[in-house]
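Reader: I have a new structure to look at, and I would like to learn how to read it. Could you take me through it step by step?

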Amino acid sequence: MDITTNKKTTLLWLITVLVVFLVAIIFGLTMRMGQAELVNLNPVNFYVLMTSHGLLMIGVWYVAGMAGIQYLMSRYLTVPRWSSVFAYVCTILGIVVLLTATFFAKFHASWYFLYPLPFLATGMEIGPLLFFIALTILGVGWLVWSVVLVATILKKYTIVQALGWHHLAGKTEPAVSPFILISFVSIIGVICCLLAAVVLLVLYYIEMFSKGAFTNDPLLMKNLTFFFGHTIANEMLYMGLAVLYELFPGMVGKPAYKSTWYVVLAWNATLLIVLFAYFHHLYMDFAQPLALQYAGQIITWLAPLPSVCVTIFSVLVTLYGSKMKWSLASLLYFFGVMFWVIGGMGALLDAVIANNFVLHNTQWVPAHFHTYNLLGNVFFSLAFASWFADEIAPEKIKPGTVKIIFSLLVIGGVGFLLAFYLGGALSVPRKVNMYNEVVSKGISLAQMAVAFASLYFLGMIIYTFDFIKRCVGQLFS
Amino acid sequence: MTTQKEVFLVFMVMSLIIICVFFLVFISANKSGAVENVNRKRAIFFFISLGTVILIMGVTLPKSPYFLYAKSEPEEKVFVVAKQFAFAISKFPIKTEDDFNMSAGVEITVPVDKIIEFSVSSLDVNHGFSLYKEGVLQAQVQVMPGYMNRLRWKFEESGTYDILCLEYCGVAHSGMMAKIKVE
C-alpha cells in the first residue's frame, strides 16, 4: 500500500472509531442517568442500551488497535490494502446490523449474552438471528484481517523468528522489533479467541435452526463465551501496547526498544497466560472443575509479572531523567500505563476467589474493566491518534486545548470510576436498570457517575472535534 | 469491616502507591539523569513480585468458598430453583413446574449458627443466588440450567436476609428477589 493511501485508510478508521465511541458513551451515560433516576427509561430500553454499549465499546477499541498496527506495520512490511478495507466494511456493516438487532428488534441479552439468554431476551422474534448475523459479520472481517496480517509477517519471518526465539538463542539477525513481536503474539491470541467465537456461533445457529432437536451445554457455552470475550478484551489492549513500544521511545527522545531476551520471554509468556486467565469469570460456577478454578486464580496472578517487570518497568526507566517535552500523545501514553496498572490491581483483587465470593457481579467488575479500558486502552489509542494527527495535519494541537482535554478526561474518568469502586465496596449489583430497596445506595452513586462521565464526554467531544478539524482535509487531498 | 470494604481499602492504598511512583518519575522527566543497573533492579523487582504472588496464593486459595464447612455434615438442606423472574425456595426437592409454583414467593425459616446446604439450579437461563443482610452481600453462587451448584453457609446473625439475582437474566432482572428468615 502506498503511503498516502495508508494514511487515508488509517484516518478513516480513526474518525469512525471516535464517532462510534461518542455514540457508545451516550448509550452508557443514558444508562447511568436511568439508574440515577434522572430520566425515565423502561427496562427493555435500558438493556437494549446495555447490549449495544458493551459490544460497541469492545468492537470500536479493538478496531482502533487494528488501525494502529495496520499503519505502523508498513514501516516493516507491505501489508495488503484489501484486508483492511474488507475489515472496515465488515465493521460498519456489523455495527448497522447490531444496532438493528438491538434498537429495532429490541434484542437485549447483554454484550456477553450467556446461553441460553439470547433465546429468551429476544425482543422481536428475529432479534437473536440479527444479533448472531452481526457478530458473524464482525468476526469474519476481523478474522480475515488477522489471518492476512499473520501471513504477511510470516512472508518475511519464520514463526520462530516472529516469536523472537532466535533472540533468546543469542542471534541478532534478523532483528525483530518488539512491535512485530507483540503484534504477532496479540494477533495469534485474537485468532484463537475468534475461532472460539466461530464455534460458539455455530452452536447457537445449530440450536436455533434445529427447532428444539438439539440443545447446548450451558457450562461449555459459558466457557466459550468468556474465552472469546476475556481474550479479545485483553488482546486489544496488547495491540495498543505494541504501538506504544513502537512510538513511546521516540516521543521521549530515546533509542527504539529492542527485543531483548526478557522482552521476548515476557511476551511469549503473555501469549500463553492470556489464553487461560478467563477461568476467573466462572469462579462462582461451582460445577466448573476445581482445578480450573485454581488455575484461574494462579494464572491471573502470574499475568502481571511479565507486564509489570518488562513493559511498565521499561516505560518508567525510559522516562526517568529524560528532559521530556510533553505532548498530548505522550501524556496519554504515560498516564494510560498508570491507569492500566491501577485497573489491573482492581482486577487482581477480584481474581482472588475468596474476594470474588462477595464482589462477583457487583459494580467492582465494571469498575476495574472500565479503568483499564476507559483510562488505559482508550488512552493508548487516543495517543496513537494524536501522534498520527501531528504526523499528517498541517497544524498542531494548541497547548491550551491539550490541557483542557487531558484534565477533562482524567478528572471525569477518575470520578466516574470511583462511583463504580464505591458501588463494589457497598455491594451494589451491576447490570440492573434500577436499584431496588436492598441496594438503593446505587442511586446516589449513579448520580455521581453521571456528573463525572459528562466531563469525560465533554473532553472526548473536544478531542474529536479538534482531530476532525485538523485532519479531515487530508481525506480529500 | 466487611471483606468488600477491606478490598476497597487495599485497593486505595495500592493505587496511591502506584500514583506516587508514576508522579515521581513524571517530575523526574523535567531534568536529565539515568537509572543505573536497570536489569539488576528489574530482576530484584521480579523476584519480590513472584514471592508476593506465591505468598498471596498460599494465604487465599484455602479460603475459597468451595471448602466452606466441607468437612462437616450440613444440618439442614434447602433447595432453590430460579426461573425468570422468581426464586422457589423449599426444604424439599423442587422437581416440577407445580413444585416451583407452590414454593415461589414462600418465605422459609432456617436455624441460626447451623450449617445450611443450598442446592441451586435453574429452569431457564443463568441466574445468581446471593444472600444480602442489611444491604451487604454475604455470599453467592451462580445458578445454571442443567447443573446443581451447592453452597454451604452458616448464618451467624438472626433476622431476615434478602436474596437477589446477581446474574443478568432478562428484562425484570433487577426485581428478581426473595427473602429467607433466620432464627
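Author: Gladly! Keep in mind that this is a predicted model.

Reader: Let me begin with the domains of chain A. How many Å separate the centres of domain 1 of chain A and domain 2 of chain A?

Author: Taken over C-alpha atoms, the two centres are 21 Å apart. The domain assignment places domain 1 at 42–275 and domain 2 at 325–477 of chain A. Where they touch, domain 1 of chain A contributes 18 residues and domain 2 of chain A contributes 15.

Reader: Which helices supply the side of domain 1 of chain A that touches domain 2 of chain A?

Author: Helix H2 (43–73) and helix H8 (218–252) of chain A each bring at least two residues to that side. H8(A) gives the most, with 9 residues. Sorted by class, this side of domain 1 of chain A holds 14 nonpolar and 4 polar residues, and no charged ones.

Reader: Now for the two chains together. How many residues of chain A and of chain B are in contact?

Author: In general, the size of an interface is often given as the accessible area lost when the parts come together. Here we can count residues instead: 66 of chain A are in contact with 68 of chain B. On the chain A side, H2, H8, helix H10 (290–302), H11, H12, H13 and H15 each supply at least two residues. That side has 46 nonpolar, 15 polar and 5 charged residues.

Reader: How do I read a helix such as H1 of chain B, and which of its residues are buried?

Author: An α-helix has 3.6 residues a turn, so residues three or four places apart point the same way. In H1(B), the buried residues are Val7(B), Phe8(B), Phe11(B), Ser15(B), Phe22(B) and Val25(B). They pack against helix H11 (304–319), helix H12 (328–350), helix H13 (353–359) and helix H15 (399–425) of chain A.

Reader: What does H9 of chain A pack against?

Author: The buried residues of H9(A), among them Trp267(A) and Leu271(A), pack against helix H6 (165–168), helix H7 (178–210), H8 and H11 of chain A.

Reader: What about sheets? In which order do the 4 strands of the open sheet in chain B stand?

Author: Strands of a sheet pair through backbone hydrogen bonds, either parallel or antiparallel. In chain B the order is S2-S1-S4-S7, with mixed pairing. Strand S2 (86–90) and strand S7 (149–154) of chain B are at the edges with a single partner strand each, so one side of each has no neighbour in the sheet. S1(B) and S2(B) pair in the antiparallel sense over 5 bridges, and Val81(B) stands opposite Ala88(B) in S2(B).

Reader: Where does Phe85(B) lie?

Author: Phe85(B) is in the loop between S1 and S2 of chain B, and the peptide bond from Gln84(B) to Phe85(B) is cis, with omega near 5°. Another cis peptide bond joins Glu173(A) and Pro174(A), with omega about -10°.

Reader: One last pair: is Lys431(A) buried or exposed, and is Asp113(B) buried or exposed?

Author: Lys431(A) counts as buried because it has 21 C-beta neighbours inside 10 Å. Asp113(B) is exposed, with 11 other C-beta atoms within 10 Å. Neither is a glycine, yet phi is positive at about 55° for Lys431(A) and about 65° for Asp113(B).

Key
Residues numbered from 1 in each chain as written. Chains lettered and ligands numbered in written order. Predicted model: local features only at pLDDT ≥ 70, side-chain atom pairs only at ≥ 80, totals over all residues. Domains from an automatic or database assignment. Contact = placed C-beta atoms within 7 Å. Nonpolar A, V, L, I, M, F, W, Y, C, P; charged D, E, K, R; others polar. Buried ≥ 20, exposed ≤ 12 C-beta atoms within 10 Å, placed from the backbone. Pairing = 2+ DSSP bridges.
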